[in-house]
Amino acid sequence: MKVTELAKSLGTTADTVRYYTRLELLKPAKSVNGYKSYSNKEVSRLKFILSARNLGFSVADIKQILNESEDGKSACPLVRSLIKERLEETEKQFQAMLALRGKMSSALSQWEEMEDKAPTANMVCHLIENFEQIKKA
């Protein structure tokens, strides 16, 4: 199977297939004319990679998981451990985004009542500058 055929069969792009090939996560055979040919094993491997990425695993995580598998070990304990880490990271990011959302909402409600002002030598936009002063106080 060629790059574009593989990409189309899994609903991804040829660039994605090439990216994982460059990272050597996929190892296609090369034909005499230089085209890369992906076996059924590589199709399954890309499907796994795409599923793992969809769950939030990093490329480094995926390399670790594939290495465990290639060594004949069950990757399941590693997968559980990694997903717990990713979930904790995601929760922290989610909480940070909620805090940012609160700041943005607060700023918007304050700014709706404030007049527009032209910039000066010491001020670019009084909305942001005054909001920061209020929050630091």
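Tyr19 has a relative accessibility of 35%, so this residue counts as partly exposed. The model is a predicted one. The chain is divided into domain 1 (1–59) and domain 2 (74–137).

**Aromatic pairs**

- The count of aromatic pairs comes to two.
- Tyr20 is buried, because its relative accessible area of 5% falls under 20%.
- Trp111 and Phe131 also form an edge-to-face pair, because their planes are at 75 degrees, with ring centres 6.0 Å apart.
- This pair links distant parts of the chain: Trp111 belongs to helix 5 and Phe131 to helix 6 (residues 126–136), 20 residues apart.
- Of these two residues, Trp111 is partly exposed at a relative accessible area of 25%, while Phe131 is buried at 6%.

**A charge over a ring**

- Lys2 places its charged end over the ring of Tyr35, at 4.9 Å from the ring centre.

**The nonpolar core**

- In soluble globular proteins, nonpolar side chains tend to be buried together.
- Here the largest nonpolar core has 21 residues.
- Among the residues with the most contacts inside this core are Val17, Tyr20, Leu46 and Ile62.
- Two or more residues each come from helix 1 (3–10), helix 2 (14–22), helix 3 (40–54), helix 4 (59–70) and helix 5.
- The core lies between domain 1 and domain 2, because both give residues to it.

**Domains and annotation**

- The centres of domain 1 and domain 2, taken over C-alpha atoms, are separated by 37 Å.
- An unreviewed UniProt entry places the feature "domain: HTH merR-type" at residues 1–68.
- Over residues 1–68, the chain is 62% helix and 6% strand, and the end C-alpha atoms of this stretch are 27 Å apart.

**Helix 5**

- Helix 5 covers residues 76–112, which is 37 residues.
- From its first C-alpha to its last, helix 5 reaches 52 Å, close to the 54 Å expected at 1.5 Å a residue.
- Leu78, Leu82, Arg86 and Ala107 are buried in helix 5.
- An α-helix has 3.6 residues a turn, so residues three or four places apart point the same way.

How values were computed
Residues numbered from 1 in each chain as written. Predicted model: local features only at pLDDT ≥ 70, side-chain atom pairs only at ≥ 80, totals over all residues. Heavy atoms only, no water. Helix = DSSP H or I, 4+ residues; strand = E, 2+ residues; numbered from the N terminus. Expected span 1.5 Å × (residues − 1). Buried < 20%, exposed > 50% of the residue type's maximum accessible area, 1.4 Å probe, protein only. Domains from an automatic or database assignment. Phe/Tyr/Trp six-rings, centres within 6.5 Å; stacked < 30°, edge-to-face > 60°. Lys NZ or Arg CZ within 6 Å of the ring centre and 35° of its normal. UniProt positions renumbered as here; feature names shortened; annotations may be inferred. Core = buried A, V, L, I, M, F, W, Y, C linked by side-chain atoms within 4.5 Å.
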